[in-house]
Amino acid sequence: LIECCDSNDSDVQYCLALCRAYLGIDDFDMALSTSESILITDPNAVDAWYMRAAASLAMGSRDVALESLNTGLTCSTSHVPTLELLSGLLLEDGENQKAYGLLIQLVRSGGGTPPVHKTLSEIAQNSGLWRVASQHWADMMSMITPTSVDYLTAGELAIMAGDLEYALLVCTNAVAVDSTAQSLVALGEAQFAAKLIPESVLSFRKALEFDPEMHKIHFNLANAFELSGRIEEAEQEFELYILREPADPDGYYNLAAHHVKLGNILIALSLLNDSCELNPGTIQPHLLRIELLEQTGDLESAVEKITDLMEITLDN
C-alpha cells in the first residue's frame, strides 16, 4: 500500500486503505498523518475526515476528533461511520437532541441497527415522547428475537403512549415467552389500562400465586377492586400493601382516596399526613389534604398547609 500511495499520488483510495491499515494495528500517529495527507489532496474525502477523527480520539485529542467529524459531516450527511462516532460523542456530552437527529439520519442511511433504535427510544423516553419511544422500541424488536424483558418494556411504553391494543399484544407475548409474576403483572396493568378489569384481576391473582412476596400486586389488585366497586376487597388489599410496603407514599394516598369516597375524612387525613411526610415533593396528596381540611372547617390548618405547599413548590 505504501508503494501504491507513492506511485499513485492522484488516487486517494490507496492512501485511505493504508490509513485503515494503520488504524487496524493501532498505529495512530501514522493513521493521523496519512489522513491529513489525503485531505491535502482531497479535502472532501469524508473517509479521511472520519479516520483523522478516529486517530485523534485514540490519541486523546477529543476536540480535534469532534472538529474532524463535523467537517466530514459537511462533506456527506450519510456517511455511516461518521454518524455513528459523532452521535456517540454527543451522547457522552449530554447533547441528546443533537445525537437524536444524527441517529435518525443514521437510520435513513442504512445504519438502523437494534442498538441504534434502542438508543433512539431511550432519548425519546427521557423527553417524555412516549409514542415516539414506543415506535423506536418496536423497530428495535422487529430486528431481533425479543426477550420477555423487551416485551415488558414495549408494554410500559405502549401504555404511556396510550396504545392499549399494542400494550395488550406485547404483554401477552411476554407471558407466552416467560410466564413469571412480573410478566403477569405487566399484562394485568395493560388490561387495567384498557378497562378490562375482570381480566386484570385474574392476571394479578395468578401473579400472586407465582410470587406471594411481590407486594406491588396487592396495590394493583386494590385499584382493580376499587374500580369495579368491590370496596371491602379493595380496602383489604390497600391495607395489605401498606403493611408490606410502609415506605411507599402512594399506598397511603390511594387508601386515603378510598376512604374519601366512603366519607371517612379523618381516616383519610391521617393517611394523607403519612403520604406527605414520606414524599413531600408530590403535590397531589397535599392538595387533597388541604381540600379535606377545608371540608372539616379547619381553615387555620388548611392555610398552614397551603403555605407549606407553596414552599415545597418554590423549592422544586
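**Helix packing in a predicted model**

The buried residues of helix α3 pack against α2 (12-24) and α4 (46-58). The buried residues in question are A31, L32, T34, S35, I38 and L39. An α-helix has 3.6 residues a turn, so residues three or four places apart point the same way. Helix α3 covers residues 28-41, 14 residues in total. From its first C-alpha to its last, α3 reaches 20 Å, close to the 20 Å expected at 1.5 Å a residue.

D26 is found in the loop between α2 and α3, and its phi is positive, about 60 degrees, although D26 is not a glycine. D26 has a relative accessible area of 51%, so it counts as exposed, the cut-off being over 50%. A second case is K195, which sits in the loop between α12 and α13. K195 is not a glycine either, and its phi is positive at about 65 degrees. With a relative accessibility of 65%, K195 is also exposed.

Is S134 buried or exposed? Its relative accessible area is 8%, and because buried means under 20%, S134 is buried. Once residues up to four places away in sequence are set aside, S134 touches L157, A158, A161 and Y166.

The next helix to consider is α14, residues 216-227. At 1.5 Å a residue, its 12 residues should span 16 Å, and the end C-alpha atoms are 17 Å apart, which agrees. How many of the residues of α14 are buried? The count is 10 of 12, so the helix is mostly covered. The buried residues are I217, H218, F219, N220, L221, A222, N223, A224, F225 and E226. Which helices cover them? The cover includes α12 (181-193), α13 (197-210), α15 (231-244) and α16 (249-262). Just after α14, G229 takes a positive phi of about 80 degrees.

One of these covering helices, α16, can be followed through its packing with two partners. Two packed helices are described by the angle between their axes and the distance between the axes. For α14 and α16, the angle is about 20 degrees and the axes are 11 Å apart. Because angles under 35 degrees count as roughly parallel, α14 is roughly parallel to α16. The contact is made by F219, N223 and E226 of α14 with D250, G251, N254, H258 and K261 of α16. The crossing of α14 past α16 is left-handed.

For α15 and α16, the packing angle is about 155 degrees, with the axes 9 Å apart. That angle is over 145 degrees, so α15 is roughly antiparallel to α16. The crossing of α15 and α16 is left-handed. On the α15 side, the residues that meet α16 are I231, A234, E235, F238, E239, Y241 and I242. Their partners in α16 are G251, Y252, N254, L255, H258, H259 and L262.

Helix α15 also contains E233. This residue is partly exposed, with a relative accessible area of 26%. Leaving aside neighbours within four places in sequence, E233 is in contact with R205 and F225. The C-alpha atoms of E233 and L221 are 8.7 Å apart in space, and the two residues are 12 apart in sequence.

A last point concerns cysteines. A disulfide is a covalent bond between the sulfur atoms of two cysteines. How many disulfides does the structure hold? The number is zero. C15 has a relative accessible area of 19%, and because the cut-off for buried is under 20%, C15 is buried. C276 is buried too, with a relative accessible area of 4%.

Note on methods
Residues numbered from 1 in each chain as written. Predicted model: local features only at pLDDT ≥ 70, side-chain atom pairs only at ≥ 80, totals over all residues. Heavy atoms only, no water. Helix = DSSP H or I, 4+ residues; strand = E, 2+ residues; numbered from the N terminus. Expected span 1.5 Å × (residues − 1). Buried < 20%, exposed > 50% of the residue type's maximum accessible area, 1.4 Å probe, protein only. Contact = heavy atoms within 4.5 Å. Disulfide = S-S within 2.5 Å. Axes fitted to C-alpha atoms, helices over the stretch in contact; angles between N-to-C directions. Parallel < 35°, antiparallel > 145°, perpendicular 65-115°, else oblique. Left-handed = near helix turned anticlockwise from the far one by under 90°.
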